[in-house]
Amino acid sequence: MPGTGAAALAWALLAWALLALPPSLPLPQPRRPRRVAETEAAFNTTYADWVDADLLNIYAFNHSVRRNRTEGVRVSVNVLSDHKDLPVLFVVRQKEAVVSFQVPLILRGLYQRKYAYQEVSRTLCQPQTKAEVETQHFYVDVSTLSLNASYQLRVTRVENFVLRTNERFSFNATAAQPQYFKYEFPEGVDSVIVKVTSAMAFPCSVISIQDILCPVYDLDNNVAFIGMYQTMTKKAAITVQKKDFPSNSFYVVVVVKTEDEACGGALPYYPLSKNASPDEPVDQHNRQKMLEVMVSPAITSEAYVSSVLFCLGIFLSFYVLTLLIACWESCRQQKRRGLLAAMDSPSLDTASLLGHARSIPDSFLGHTPYDSYGYGSFGECHAPSLAVLPVGRRPCPPRLAVPAGNGSSGSTEGVTDSLGSAEVPYGYVGQEQFKRRTPSAPTRPLSIAMGERSLENVAGRPRLDSLSSVEEDDYDTLADIDYDKNVIRTKQYLCVADLARKDKRVLRKKYQIYFWNIATIAVFYALPVIQLVITYQTVVNVTGNQDICYYNFLCAHPLGNLSAFNNILSNLGYILLGLLFLLIILQREINYNRALLRNDARALECGIPKHFGLFYAMGTALMMEGLLSACYHVCPNYTNFQFDTSFMYMIAGLCMLKLYQKRHPDINASAYSAYACLALVIFFSVVGVVFGKGNTAFWIVFSVIHIVATLLLSTQLYYMGRWKLDSGILRRILHVLYTDCVRQCSGPMYVDRMVLLVMGNIINWSLAAYGLIVRPNDFASYLLAIGICNLLLYFAFYIIMKLRSGERIKLIPLLCIVGTSVVWGFALFFFFQGLSTWQKTPAESREHNRDCILLDFFDDHDIWHFLSSIAMFGSFLVLLTLDDDLDCVQRDKIYVF
């Protein structure tokens, strides 16, 4: 009985265990075999059918393919059922390709947004055939995992699938219904330009050029995989070369993007609800665009040759013209020297020794005697003599005779020394007048015609020829440096002789540093720039992404690996004319040095002091502008804009420095401080372009810096550098305001300088206010406009004061001024045409593209390059020759303004 109880317990436990087990899962039912329904289908017939998980529909098509004729085949489907989670799959099987897509078609946009399309159309890739006529079959398979899905299927032939040369063709496209067409190069055509236009800016689209390969990438998510492509709003143009396509044909693919953000449009509203999933696709309904395409032949190789010759001919003609003028000037100078030699007599030499001007040769040669120079209400500036000065004329102060050995310039001796000891009153702002006794000196004869001194034979003169010791304070001609500077520079009426007291050899080395510095800057600047733009061009050629560079695609002629050779070639003028200017300066310097070697008194004591270092720097800057502008136009875009503008700032700054140096040679800025300021300008240019767009804080800071810099520079110019920026500056300002405005109302001591600086401040403050209020998008051009406005203001002031001083403008500089002004006017007209802009998206920039207007090779911007290079060259010639009328006038009779 115990055994029987144990067995019963075991059976009870087993029964309990079986009852505790979960119910068994149902065994999988064997899948029923999928039914296949095959239909012999025909073109241009709409098939309305349904499909489910157990049904596979196959539509069989066949068509004839001819070797010499290509016809496109297009498959269009529309799924009527709304099963986004279980789409219908369409697979097109061809001889050499398979195309598959699902409906609803899901395309992704920015931030992985999903967009669904119920209607889809795809053009089939056409395989090549070697037979004259071949019948090809293809099949359309329709399947799904949904229980029931209704759809419509239609297969049609594409009319005008092959584009014809110079014939326009219009068509529609959507994001799910892209279009592409075939183009075959005609005989004798090596390159063509594909132009696509639309009256609608949006929706944004993509134009792609692809080789004849299957599959064709014609969806928004894969169109950039192969070939060349660019985004488009209203205009697109791609130049295609025959050598890049072995089959001598290519596809023109047009795809409408799911979003407009790439073309500068706004992102669509993306509805999100509490019940909707973040991954729920959005139906964009009918996002359609009407387009027009035309393929036309590009220019031939003969056009390239003729354009290059045209460009060379224009600028080499300036070399020929310069040579002719040089020959004419040489002949004229030889005749003049002959006349002077014939008229040279002991009586004239005696007159020269007595201090009288040799007026007969000048009158004979048609020059107005300079003894009659007037200075408006200021009277005339005459060297002191024993004669009584006429009323209303103020003498320039006598030149001090400096003992040998103190480093004085040979050009300042013996011309206007006083006859014995004299007391000369001097005064400067902030100090009362005082008297300085000049040392006694024996009467010395005027050496204008004698040529008795040599630059190298000044007894006991110490020389330091090292380029490392060219600080101007080391070479002052007087022992009491600050005392003498206050005496000379703060006089009410200054002559050039007062500001040309330093040793000319020291100044020559000082101004040569301008050239060597800019040459060094050019080398270190140009090498990485060239490397960078080559990399840009390589990326464009390899990836095919033509949105990287902002060309004028309607007039961009490739050559080799360069996409826009014409924009590069047109910069040749800057280089050739810059080199010509350097040659002109070199010839002038050689002639001037020869005059010094033969002790020509006019070179020693007359005219504006000749310093050529800044001219060399200007010529080098012009050449570098051409080189860097060419580099910029290899691939113009947002990241390398400063290549095209950096040396423009330098040219504007160097021109202002040269204009100021003419009559202020001793106190002009050093190369180091000048280039440091220009570097600061370029720094602000980069910061303004990168961070200034719509940034209020940046514009406030920049405007404040602009105004403060204007005030500091105005003070520096007004007081000729004789002021200090230290802790007592505010106290001195208040003292001047109290004494000159409150205690007594007195006008400015330096009226002319005050007029210039007041006008300059008005203009600069207005520009600062304009920038702060308007905040222009093109900050680089805005900054360049500030420099150009200041340069033009100073140049106009210089011309006015020159004429007011009784000086004249000779024929050559007058012609240069008139011609340069006209050329600048035309140049600016072409500059403001605005063929492209990197401030917008590439697609929006192409809306400004225009066709070529010169020789079917150069566009408006190329003509700007031509004219601006000529205008800059002419402007340099104006600065070079403007004061040639003073070459025979003593420096103590030339006013400073």
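A disulfide is taken here as a pair of cysteine sulfur atoms within 2.5 Å. The model is predicted, so local features need pLDDT of at least 70, side-chain atom pairs count only at pLDDT 80 or more, and totals for chains, interfaces and linings use all residues. Residues are numbered from 1 along each chain as its sequence is written, and side-chain values use heavy atoms, with hydrogens and water left out.

**Close-up A. The disulfide of Cys 549 and Cys 635.** The sulfur atoms of Cys 549 and Cys 635 lie 1.8 Å apart and form a disulfide. The link is left-handed, with -90° about the S-S bond. It connects distant parts of the chain, 86 residues apart: Cys 549 sits in the loop between α6 (504-543) and α7 (565-569), and Cys 635 in the loop between α10 (613-634) and α11 (642-661). Helices (H or I, at least four residues) and strands (E, at least two) are DSSP runs, numbered from the N terminus. Cys 549 and Cys 635 are both buried. Buried means under 20% relative accessible area, exposed over 50%, and partly exposed in between (1.4 Å probe, protein chains only).

**Close-up B. The disulfide of Cys 555 and Cys 852.** A disulfide is formed by Cys 555 and Cys 852, with 1.8 Å between their sulfur atoms. The torsion about the S-S bond is about 110°, so this disulfide is right-handed. The two cysteines are 297 residues apart and link distant parts of the chain, with Cys 555 in the loop between α6 and α7 and Cys 852 in the loop between α18 (842-845) and α19 (860-881). Cys 555 and Cys 852 are both buried.

**Close-up C. The disulfide of Cys 125 and Cys 214.** Cys 125 is joined to Cys 214 by a disulfide, S to S 1.7 Å. This link is left-handed, at -80° about the S-S bond. The pair spans distant parts of the chain, 89 residues apart, from the loop between β9 (119-124) and β10 (133-144), which holds Cys 125, to the loop between β15 (205-211) and β16 (228-232), which holds Cys 214. Cys 125 has a relative accessible area of 4% and is buried, whereas Cys 214, at 33%, is partly exposed.

Close-up D. The structure holds four disulfides. For Cys 606, the closest cysteine sulfur is that of Cys 888, at 6.7 Å, which is too far for a bond. Cys 606 is buried, with 3% relative accessible area. Cys 816 also counts as buried, at 17% relative accessibility.
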